[in-house]
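Okay everyone, thanks for coming.

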Amino acid sequence: MDIDTEKIDQTVLALLSLGRHEGNRTWKSFDWEVMGRLYAKGYITDPVCKAKSVMLTEEGSRQSEQLFRTLFGR
């Protein structure tokens, strides 16, 4: 099956909103490849570290909230 990684990235970015704590900090419990792509796009801080969480960048935070509303809102 041909997978649309952009759709996967958008969905994970939206779901990162659910794990938010301490402002823009969010749990990094998603697939490493996806997290790497989100980092490369500038939406999150580097996921390769000992911390169990990453920070959403300003743009990542904005996109995450918008995608969450679009994908999961009623």
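This is a predicted model: local features need pLDDT of at least 70, side-chain atom pairs count only at pLDDT 80 or more; totals for chains, interfaces and linings use all residues.

Let's begin with the strands. Three of them make up an open sheet, ordered E1-E2-E3, and the pairing is antiparallel. Which strands stand at the edges? Those are E1, residues 20-21, and E3, and each has a single partner strand, so one side of each has no neighbour in the sheet. E1 pairs with E2, which covers residues 25-27, through two bridges. If you want a spot to look at there, find Arg20, which sits opposite Thr26 in E2. Keep Arg20 in mind, please; we'll come back to that residue.

Now, the inside. The largest nonpolar core is made of twelve residues. Among them are Val12, Leu13 and Ala14, then Val34, Met35 and Leu38, and also Tyr43, Ile44 and Val54. Helix H1, residues 5-15, and helix H2, residues 32-40, each bring at least two residues to this core.

Val54 is in strand E3, and with a relative accessible area of 1% it's buried. Leaving out neighbours within four places again, the contacts of Val54 include Asn24, Arg25 and Thr26, plus Met35 and Ile44.

On to the serines. Ser64 is in helix H3. Buried or exposed? Buried, and the relative accessible area of Ser64 is 0%. What does the side chain of Ser64 meet in there? A polar atom of that side chain is 2.7 Å from the backbone oxygen of Leu13, and there's a polar contact with the side chain of Ser17 at 2.5 Å.

The other one is Ser53, in strand E3. At a relative accessible area of 7%, Ser53 is buried too. Its side chain makes a polar contact with the side chain of Arg25, at 3.0 Å. Beyond residues up to four places away in sequence, Ser53 touches His21, Arg25, Thr26, Trp27 and Lys28.

Okay, charges. How many salt bridges does a search of the whole structure find? Five. Asp9 and Arg37 meet in one of them, at 2.7 Å from N to O. Asp9 is in helix H1 and Arg37 in helix H2, so this pair ties together parts that are 28 residues apart in sequence. Asp9 is buried, at 2% relative accessible area, whereas Arg37, at 24%, is partly exposed.

Asp9 has another partner as well: Lys41, with the closest N and O atoms 2.8 Å apart. Here the link runs from H1 to the loop between H2 and E3, where Lys41 sits, 32 residues away from Asp9. Lys41 is partly exposed, with 34% relative accessible area.

Arg20 makes a salt bridge with Glu65, where the closest N and O atoms are 2.6 Å apart. Arg20 is in strand E1 and Glu65 in helix H3, so that bridge ties together parts 45 residues apart in sequence. Both ends are partly exposed: Arg20 has a relative accessible area of 25%, and Glu65 has 33%.

Last stop, the aromatics. The structure holds one aromatic pair. The rings of Phe68 and Phe72 have centres 5.2 Å apart and planes at 55°, so we call the pair tilted. The two are four residues apart in helix H3, residues 58-72, which means that about one helical turn separates them. Phe68 is partly exposed at 27% relative accessibility, and Phe72 is partly exposed at 40%.

Methods
Residues are numbered from 1 along each chain as its sequence is written. Side-chain values use heavy atoms; hydrogens and water are left out. Rings of Phe, Tyr and Trp (its six-membered ring) pair if their centres lie within 6.5 Å; planes under 30 degrees apart count as stacked, over 60 as edge-to-face and the rest as tilted. Buried means under 20% relative accessible area, exposed over 50%, partly exposed in between (1.4 Å probe, protein chains only). A nonpolar core is a set of buried Ala, Val, Leu, Ile, Met, Phe, Trp, Tyr and Cys residues joined through side-chain atoms within 4.5 Å. A polar contact is a pair of N or O atoms within 3.5 Å; within protein, one must be able to donate a hydrogen and the other to accept it, and residues adjacent in sequence count only if both atoms are side-chain atoms. Contact means heavy atoms within 4.5 Å. Two strands pair if DSSP finds at least two bridges between them. A salt bridge is a side-chain nitrogen of Lys or Arg within 4 Å of a carboxyl oxygen of Asp or Glu.
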